[in-house]
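Subject: Structure handover

Hello,

Have it open while you read, and do write back with any questions.

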Amino acid sequence: MDFAAFSRRARDLATSLLREEQITVVGHYDADGLASTAILVKALQRSGVDVDFLNTRQIDSDHINELNSLQNPIVFVDMGSGQIDLLESEIKQRFFIVDHHPPQRNSKNQINPFHYGIDGTRELSATGTAYFVAKAMDQGNQDLSPVGIVGAVGDMQDLHGGLKGANRTIIKDGEDLKLIHAHKNLTLFGRHSRPLPKMLEYCSEPMLPGLTGNYMACVAFIEQLGIELKDPVGGEVRYYVDLSLEERQRLTTALYMLLLDHNAPELVTGMLIGEVYEFPKEKPRTELRDAKEFATVLNACGRHEEGEIGVNICMGDRGSSWSKAKRLLEKHRRELREGLEWVKTNGIKEMEHIYYFDASGVIRDTLVGVIAGMAYGSMVAKSEKPIIGLSLADDGSMKISARGNYDLVRSGLRLGEALRDVCGRLGGEGGGHDVAAGARIDPSKKKEFLRLMDIAVSRQLNR
Ligand code: C5P
Ligand code: C5P
């Protein structure tokens with residue numbers, strides 16, 4: 001890894017951006033996209049650039065006219081590196097790219113960790129990349145380090161034990177400013193924001209056999225461990241963060257044993273404990289106190305067409321944007337629960353080298369990828385094949401989301417390349433990371449797509 005060369009590129013790009021009077025930031029709509037948008041917008045504003053932003057699903061040929069109607073130079077964040085040829089041939093105005101997707105090739109106004117031996121899928125997100133550009137604009141922007149971590153966690157870069165590589169520098173910056181507290185803990189959602197039984201009831205990563213989805217069973221499970229549900233003195237409902245160290249250990253051991261009793265593979269038991277990132281300046285008992293839950297708040301905004309709310313929260317709004325986000329979060333969680341339930345009951349279809357499910361008309365296209373990923377964690381799909389979720393988009397196209405795991409990547413899986421190649425041949429567009437990728441095709445091509453994808457994966461895995 002050549003971090004010095006990466007930092008030089010960050011400085012050069014920062015200088016170029018600060019030369020502009022007006023800029024439009026065009027970011028992806030997921031947690032990493034919104035967080036990276038916010039970092040750039042905030043840093044540019046602080047430096048006196050007149051900046052606006054928008055967040056979108058993907059840049060493909062359909063969106064070019066829309067982008068060309070923008071007046072300002074554009075900075076693409078969390079997108080662009082996979083579409084450089086398209087952008088260079090079609091975009092009229094000056095543009096820059098701050099991205100971490102496997103790049104088609106290098107280009108002048110682009111920063112991408114992959115060009116410096118930093119693995120953009122695992123070691124630095126688009127938000128992290130944007131953070132280093134912001135830091136190069138002004139060291140004072142280090143107060144944006146918590147947001148930098150939210151993007152990485154949103155892209156699951158913490159999946160195996162914690163954040164790695166260049167992400168560690170961001171954590172260090174945040175720790176120095178006492179804005180980030182990184183430590184090992186139970187990784188379950190809701191440690192800060194849900195009463196104990198609710199934390200277990202809603203847990204889908206991993207799925208807790210007999211507990212997930214069953215409130216009364218969760219209450220009994222906690223009571224059997226001798227853990228009080230309410231504070232014996234004040235009577236307040238207890239959250240995980242209210243437990244004593246000994247109670248936490250008792251709960252964690254019991255959950256671990258539960259998974260082992262159900263023969264959960266290591267991939268699943270390993271999800272239970274890991275490094276977590278707490279933001280001590282955020283209000284206790286809110287989602288924003290924890291990086292993972294913060295990322296879910298952003299996904300709830302972006303994936304329900306309210307990206308602006310998420311960006312505003314990243315930029316510090318704890319008033320009206322936060323109130324609106326809480327409502328979106330409820331909707332998001334409900335749709336995820338219902339979607340996963342639907343996948344479980346309607347079954348995943350198995351081909352020789354892939355799993356797939358077709359949730360057209362049931363799961364919205366912006367959530368099908370998240371649900372495909374959750375299907376792994378919940379043991380609905382086993383881990384030896386990647387999973388592909390299909391859904392219908394509003395424009396009538398078929399949205400494809402593919403998710404794998406790092407064992408498969410070590411065996412040769414490259415989902416982004418496979419989708420780019422197969423969907424390209426079918427007249428669609430696709431791309432993304434080795435472990436998580438997406439695409440669009442005409443729905444009439446579904447059968448052919450599945451056949452070709454099965455072959456492409458079998459070739460990559462040498463099976
Ligand atoms: O566009 P971007 O790179 O930000 O998105 C990657 C997507 O892939 C995210 O939605 C992230 O949660 C997902 N992902 C995943 N499993 C991984 C890595 C990423 O589902 N191991
Ligand atoms: O849409 P989904 O969450 O499944 O996307 C997974 C990953 O694939 C993201 O990193 C996204 O940016 C990428 N992708 C892409 N080209 C597409 C669709 C998705 O590069 N046409």
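D119 and R122 are both buried, where buried means under 20% relative accessible area, exposed means over 50% and partly exposed lies in between, using a 1.4 Å probe and protein chains only. Their side chains meet in a salt bridge at 2.8 Å, N to O; the term stands for a side-chain nitrogen of Lys or Arg within 4 Å of a carboxyl oxygen of Asp or Glu.

Before going on, please note that this is a predicted model, in which local features need pLDDT of at least 70 and side-chain atom pairs count only at pLDDT 80 or more, while totals for chains, interfaces and linings use all residues. Residues are numbered from 1 along each chain as its sequence is written, chains are lettered from A and ligands numbered from 1 in the order in which they are written, and side-chain values use heavy atoms, with hydrogens and water left out.

Back to the charges. The count comes to 29 salt bridges. One of them joins E246 and R250, at 2.5 Å from N to O. These two are separated by about one helical turn because they sit four residues apart in helix α10 (residues 245-261); helices here are DSSP runs of H or I with at least four residues, strands are E runs of at least two, and both are numbered from the N terminus. E246 is partly exposed at 43% relative accessibility, and R250 is also partly exposed, at 28%.

The salt bridge between E287 and R333 is 3.6 Å, N to O. E287 lies in the loop between β7 (273-278) and α12 (291-302) and R333 in helix α14 (residues 320-346), so this pair ties together parts that are 46 residues apart in sequence. Both E287 and R333 are buried. Elsewhere, R57, E305, D365 and R440 are joined into one network by salt bridges that share partners.

Now the rings. There are seven aromatic pairs, meaning Phe, Tyr or Trp rings (the six-membered one for Trp) with centres within 6.5 Å; planes under 30 degrees apart are stacked, over 60 edge-to-face, and the rest tilted. F6 and Y116 pair edge-to-face, 5.8 Å between centres and 70 degrees between planes. F6 belongs to helix α1 (residues 3-19), and Y116, 110 residues away, to the loop between β5 (110-111) and α5 (126-137). F6 and Y116 are both buried. F6 also forms an edge-to-face pair with F132, at 5.7 Å and 85 degrees. Since F6 lies in helix α1 and F132 in helix α5, the pair ties together parts 126 residues apart in sequence. Ring pairs link F3, F6, Y116, Y131 and F132 into a cluster.

Finally, the nonpolar cores: sets of buried Ala, Val, Leu, Ile, Met, Phe, Trp, Tyr and Cys residues joined through side-chain atoms within 4.5 Å. The largest has 64 residues, and L17, V133 and I149 have the most contacts inside it. Helix α2 (residues 31-46) gives the most to this core, nine residues. A second, separate core has 42 residues, among them M398, L419, V457 and L461.

Best wishes
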